[in-house]
Amino acid sequence: MDPGTYYLVVDGARAGQFGAVQVDVQLEDLAALDRMCRQAPLLRAGTPVSGSTAASANRFEASCADGARSGDEVYRIQLTRRSLVKLSLSSEYDAALHLRRDCTQQSTELACNDDSSDNRHAYVETTLDRGTYFVIVDGFRNGNQGTFRLDYEVQNAP
């Protein structure tokens with residue numbers, strides 16, 4: 001949204017429908033989020049990454065994992081040609097893994113998985129064109145966070 005004053009109106013579906021409502025509003029500095037995404041660590045194929053979401057904020061939400069509204073960490077993938085990408089996550093918590101074309105835009109989500117073999121593993125396999133993509137390590141719903149290991153493999157697309 002551009003800077004300015006905005007109004008939020010909450011209305012009932014029909015006349016006579018009224019009552020208390022709770023509205024939660026979250027504001028995000030998109031310029032700061034974009035800078036953070038551009039500086040995210042670059043994944044290297046065949047080199048596992050270990051990390052933790054325990055002290056991380058919830059900056060990203062996903063189409064799976066009941067919204068994946070837990071602490072998250074973001075990584076980048078840079079592909080020089082069309083490739084088959086495999087991402088495998090194992091964690092000590094109920095984890096989620098999502099992949100985006102544009103880090104700050106949830107609508108660019110390409111894949112999301114929160115339960116591969118069980119709720120401690122997530123797996124994404126997809127063919128991607130040349131370019132930069134963002135991998136987000138997240139957790140199911142709210143409050144699922146902890147240590148994880150992320151494996152990344154890339155192969156020429158068939």
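Ser56 sits in the loop that links strand 1 to strand 2; strands (E, at least two residues) are DSSP runs numbered from the N terminus. This is a predicted model, in which local features need pLDDT of at least 70 and side-chain atom pairs count only at pLDDT 80 or more, while totals for chains, interfaces and linings use all residues. Residues are numbered from 1 along each chain as its sequence is written, and side-chain values use heavy atoms, with hydrogens and water left out.

Is Ser56 buried or exposed? Ser56 counts as buried because its relative accessibility is 15%; buried means under 20% relative accessible area, exposed over 50%, and partly exposed in between (1.4 Å probe, protein chains only). Beyond its neighbours within four places in sequence, Ser56 is in contact (heavy atoms within 4.5 Å) with Gly71, Asp72, Glu73 and Gln145.

Ser63 is also placed in the loop between strand 1 (49–52) and strand 2 (73–79), but Ser63 counts as exposed because its relative accessibility is 59%. With sequence neighbours within four places set aside, Ser63 is in contact with Gln106, Glu109 and Cys112.

Asp118 belongs to the loop between strand 5 (109–113) and strand 6 (121–128). At 35% relative accessibility, Asp118 counts as partly exposed.

Here are two side-chain polar contacts (N or O atoms within 3.5 Å; within protein, one must be able to donate a hydrogen and the other to accept it, and residues adjacent in sequence count only if both atoms are side-chain atoms):

| Side chain | Partner side chain | Distance |
|---|---|---|
| Ser56 | Glu73 | 2.3 Å |
| Ser63 | Glu109 | 2.2 Å |

Notes. Helices (H or I, at least four residues) and strands (E, at least two) are DSSP runs, numbered from the N terminus.
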